[in-house]
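Visitor: I have a few questions about how the terms are applied here. Could you take me through them?

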Amino acid sequence: MSAALLDFVKDASRLGKGREEINAALKTAGWPDDQLATFWGKYSDTAFPIPVPKPTVYASPRLTTFNLFFFIVLYITLYSAISILFTMLDYHLPDGRGQMRGMYYSSQPIADAIRGYLAAIFASAPLVYISARLLHKSMASTGQYLHGTRLKLINLARLIAALFVLGNFISFIYYFLCGELSARFVLKVLILTATSAGAYYYFKPEMAAFEKKA
């Protein structure tokens, strides 16, 4: 927040100027609407000679921990699920050169290759559900519609999802031009795209509701 803006509003309020008069003067001076909306959003509409600030809701350490834990177990679950699917594809379909190899392929039996991923899913997937329910209950009980840390992590997750989709299509076009496009690669692209899109649309209603309230 600009100190000059705050000082001006204080001085104008002491002279008996109302919010509309102050806003009009600031717009005439060239202040953009978004900055003025952000500034006035910190103050109540209470009829008072000077602006009355709204109470600040401080981030609860418990909610911060819950949010961090939720996204950690969510990433573990998604990574493990994708790794199982990729391992099965590497074991059963050839690559673009007709060879049975790949990052998830090894000489060990497929059951041994996916055992660790299955263990991670069995351990982390229930925690995703439990932590999500606890998060919503905690936010509702504290009056916080969307915790600041969660807002940043959701935006980070959506950015990662968008970058995955972009990377998938770049790789798809590259291998197509090289003539090495295989059914295995196409399926991997579809899996990553579907996962990224699912993560994006999972958080979309929550973000839309937050933006509407804001």
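**Helix pairs and a pocket**

Guide: Start with helix H1 (residues 3–14) and H2, whose axes come within 10 Å and cross at roughly 140°. Axes are lines fitted to C-alpha atoms, for helices over the stretch in contact, and angles run from 0 to 180 degrees between N-to-C directions. Helices are DSSP runs (H or I, at least four residues), numbered from the N terminus. The model is predicted: local features need pLDDT of at least 70, side-chain atom pairs pLDDT 80 or more, while totals for chains, interfaces and linings use all residues. Residues are numbered from 1 along each chain as its sequence is written, and side-chain values use heavy atoms, without hydrogens and water.

Visitor: Why are H1 and H2 called oblique to each other?

Guide: Roughly parallel needs an angle under 35 degrees, roughly antiparallel over 145, roughly perpendicular 65 to 115; the rest is oblique. H1 and H2 cross at roughly 140°, and are therefore oblique. H1 passes H2 in a right-handed crossing (the near helix is turned clockwise from the far one by less than a right angle; anticlockwise is left-handed).

Visitor: Which residues make the contact of H1 with H2?

Guide: Leu5, Phe8, Val9, Ala12 and Ser13 of H1 meet Ile22, Ala25 and Leu26 of H2, with heavy atoms within 4.5 Å. Seven are nonpolar, one is polar and none is charged. Asp, Glu, Lys and Arg count as charged; Ala, Val, Leu, Ile, Met, Phe, Trp, Tyr, Cys and Pro as nonpolar; the others, Gly among them, as polar.

Visitor: What makes H2 and H3 roughly antiparallel?

Guide: The axes of helix H2 (residues 19–28) and helix H3 (residues 33–40) come within 11 Å and cross at roughly 150°. H2 and H3 are therefore roughly antiparallel. Their crossing is right-handed. Arg19, Ile22, Asn23, Leu26 and Lys27 of H2 touch Asp33, Leu36 and Trp40 of H3. That contact has four nonpolar, one polar and three charged residues.

Visitor: How do you know that H4 is roughly parallel to H6?

Guide: Helix H4 (residues 61–92) and helix H6 (residues 148–178) have axes that come within 9 Å and cross at roughly 20°. That makes H4 roughly parallel to H6. Contact residues include Phe70, Phe71 and Tyr75 of H4, and Leu153, Ile154 and Ile160 of H6.

Visitor: What is the volume of the second largest pocket?

Guide: About 460 Å³. A pocket is an open set of 1 Å grid points, over the protein atoms alone, where a 1.4 Å probe fits, with protein on both sides within 12 Å along at least five of seven lines; lining residues have an atom within 4 Å of a point. Points are joined across faces, edges and corners, and the volume is the space filled by probe spheres set on them. Of the 20 lining residues, Asp95, Tyr175, Arg184, Phe185 and Lys188 are the closest to the centre.

Note on methods:
Helices (H or I, at least four residues) and strands (E, at least two) are DSSP runs, numbered from the N terminus.
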